[in-house]
Amino acid sequence: MVYTRPLARLTRTFPASPRHWPQIGQRLAMHIIKRPEEEVAALAQALIDAKKLVGTCTTCGHLSAEPVCEICRAPARDDTMLCVIADSRDLIALEKTREYKGKYHVLGGLISPIDGIGPEQLNIQSLVRRVSQTPIKEVIMAISPSIEGETTTLYIGHLLKPFTRVTRIAFGLPMGGDLEYADEVTLARALEGRRDLD
Amino acid sequence: MYLKNLHLQHFRNYPEQSIEFTGSKTILLGENAQGKSNLLEAVELLSVLRSHRTSRDRDLVREGEEVARLVANLKREDRGNLEMGMVLRGNGRRSVALNGVGLRRQLDFLGVLNMVQFSSLDLDLVRGGPEMRRHWLDGLLVQLEPIYAHLLQQYGQILKQRNALLKAIRQGKVGFDPEQMALWDAQLATTGTRLARRRSRLLQRLNPIADRWHQAISGGSEHLNLTYAPKFDFVDTNAIEDIRQAFLVRLQQKAIAEQQQGTSLVGPHRDEVVLTINQTPAREYGSQGQQRTLVLALKLAELELIEAVTGETPLLLLDDVLAELDLQRQNQLLDAIQDRVQTIITTTHLGSFDAQWLSSAQIFQVENGTIVGKV
Ligand SMILES: Nc1ncnc2c1ncn2[C@@H]1O[C@H](COP(=O)(O)OP(=O)(O)OP(=O)(O)O)[C@@H](O)[C@H]1O
Ligand SMILES: [Mg+2]
Ligand SMILES: [Zn+2]
């Protein structure tokens, strides 16, 4: 596989890609190089703008171009409910359901020593401050039931329990994925979180 | 159960190869490094979704290719004719299909093709390290209790995380955080307890069968005993919560040592399968020949247990091992399996086989990833 030099540079220029998606730089480079020049220029500008303008909300940690994001500013949303999620993608997924009217807190990842991520690397301190200083009735932990998700959920649960009620979303039987299986633990969890049919 | 045919494409050193099994014994004959064990490895993958030789799918795909395909047709007593398909990719993503329908959960693939592996490496099962015995036990459990594969994978992930944390502590990269460690301990103990209980229960079921075979083969009155021996106080009749507590207590006791060594010292990844003959550890008991008798008894017990639990006769895969058994043990093995158990045998030469093995066998010559003909 021989790349012409500018293409090789483009391939390398893509930021260190996620562990689970190894050839992303190569694929994007090959795709982009075939598009018309105007389109590529617009993309380049959009990338620069996005990088310049998008930061994180100082309150909840969600991606935002303003110091405080739209959700945190929305007066109609319930200030006494807080939903804790791993990253902004989960927030977007939850918003799409239109079921939840409270506010969020984005951790920015999960506790994972393999990746060098401990509690200090996550937005946990700000969460504790938020919960201890504002009247919050319930914190809902909405974190996937993986090994890392379990540790993160319980870790935060211990920290927040002195201040408020902490719940976790009910996981049904898992969908897709690798070797997952509806084992006793999963079933028990699904049962615990059961609710009446409307 | 009968494996009717197997098709390999871009698998290991095979460009493309079909093989039709006709009798109850198939011998793969060839020089070293020609692809005999690779063919058995393909059957192993279809059976337990893993290979004992590698954990990277890239190794399984033929050099210069991206994708390898395996297709097998078999007939089971309970489910009739089945077609198993598996696609392996260099990037590690796998897909499996049953009767042409892709399976969402790979777990549903386990337990379709049952087999017992017996390779020359197994002859060291008694004297070798404890990881050999754990691996042997795990391979059997995955076939009998598919959920075990899931537990094993979860345990592996917890262990990796916990070891990474211990290593970071030892290197001074992070401070010791008792809150976080307690959560990893709890997960390790919960999943570890479930693995230990299943392993222990399996050995209990295997014990009387193995003991009977051992007596039959050795012609003696020695008693073989198999027990599971975790690194913590383990009484397998205790309630699961008590076992878990004992696990946690030992973790507490080992906490300092674990931080100093930067690795997890308690759990199923360290446990031992103890084999004794008349209360003496088998590794200290008897000659190499007697230890081989013991291994043969274990393999026959494995075969019988799979048969009893699933109602299907498993395949027997004999990799390089038959030529290493003396004629008497070869005959004992043949007596035990007769024509009932479909057997695939690899060897570099036929000279040391008892004539009975050869008379009814289908013999293929393997050369450089191709079956070049029948002998
Ligand atoms: N991914 C691969 N691509 C191409 N060739 C491979 C690949 N993996 C292994 N091989 C080749 O397969 C051969 C080994 O095959 P195998 O282990 O089946 O040998 P064997 O016939 O059982 O020999 P022995 O009698 O020594 O056990 C080696 O030549 C090795 O280079
Ligand atoms: Mg071999
Ligand atoms: Zn916000």
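**Figure 1. Chain B meets chain A.** The contact takes 23 residues from chain B and 20 residues from chain A. The model shown here is predicted. On the side of chain B that touches chain A, the elements giving two or more residues are α3 (147–170) and α4 of chain B. Of these, α3(B) gives the most, with 12 residues. Sorted by class, this side of chain B has 10 nonpolar, 9 polar and 4 charged residues.

**Figure 2. Helix α7(A) crosses helix α4(B).** The crossing is right-handed. From α7(A), the contact uses A:Ile147, A:Glu150, A:Thr151, A:Leu154, A:Tyr155 and A:His158. From α4(B), the contact uses B:Glu179, B:Gln180, B:Leu183, B:Trp184 and B:Gln187. By class, the contact of α7(A) with α4(B) has 5 nonpolar, 4 polar and 2 charged residues.

**Figure 3. Chain B is divided into two parts, domain 1 and domain 2.** Domain 1 takes in residues 1–114 + 312–375. Domain 2 covers residues 116–311. The centres of domain 1 and domain 2 of chain B, taken over C-alpha atoms, are 27 Å apart. Their contact takes 27 residues from domain 1 of chain B and 24 residues from domain 2 of chain B. On the domain 1 side, α1 (36–48), β12 (315–319) and α8 (327–337) of chain B are the elements that give two or more residues. By class, that side of domain 1 has 13 nonpolar, 6 polar and 8 charged residues.

**Figure 4. An open sheet of 6 strands in chain B.** Follow the strands across in the order β2-β1-β4-β5-β6-β7. The pairing is antiparallel. Which strands lie at the edges? They are β2 (14–20) and β7 (101–102) of chain B, and each pairs on one side only.

**Figure 5. Strands β1 and β4 of chain B, side by side in the sheet order.** Strands of a sheet pair through backbone hydrogen bonds, either parallel or antiparallel. Strand β1 of chain B runs over residues 2–11, and strand β4 of chain B over residues 67–76. The two pair in the antiparallel sense over 7 bridges. What is the bridge partner of B:Leu3 in β4(B)? That partner is B:Leu74.

Methods: Residues numbered from 1 in each chain as written. Chains lettered and ligands numbered in written order. Predicted model: local features only at pLDDT ≥ 70, side-chain atom pairs only at ≥ 80, totals over all residues. Domains from an automatic or database assignment. Contact = placed C-beta atoms within 7 Å. Helix = DSSP H or I, 4+ residues; strand = E, 2+ residues; numbered from the N terminus. Nonpolar A, V, L, I, M, F, W, Y, C, P; charged D, E, K, R; others polar. Left-handed = near helix turned anticlockwise from the far one by under 90°. Pairing = 2+ DSSP bridges.
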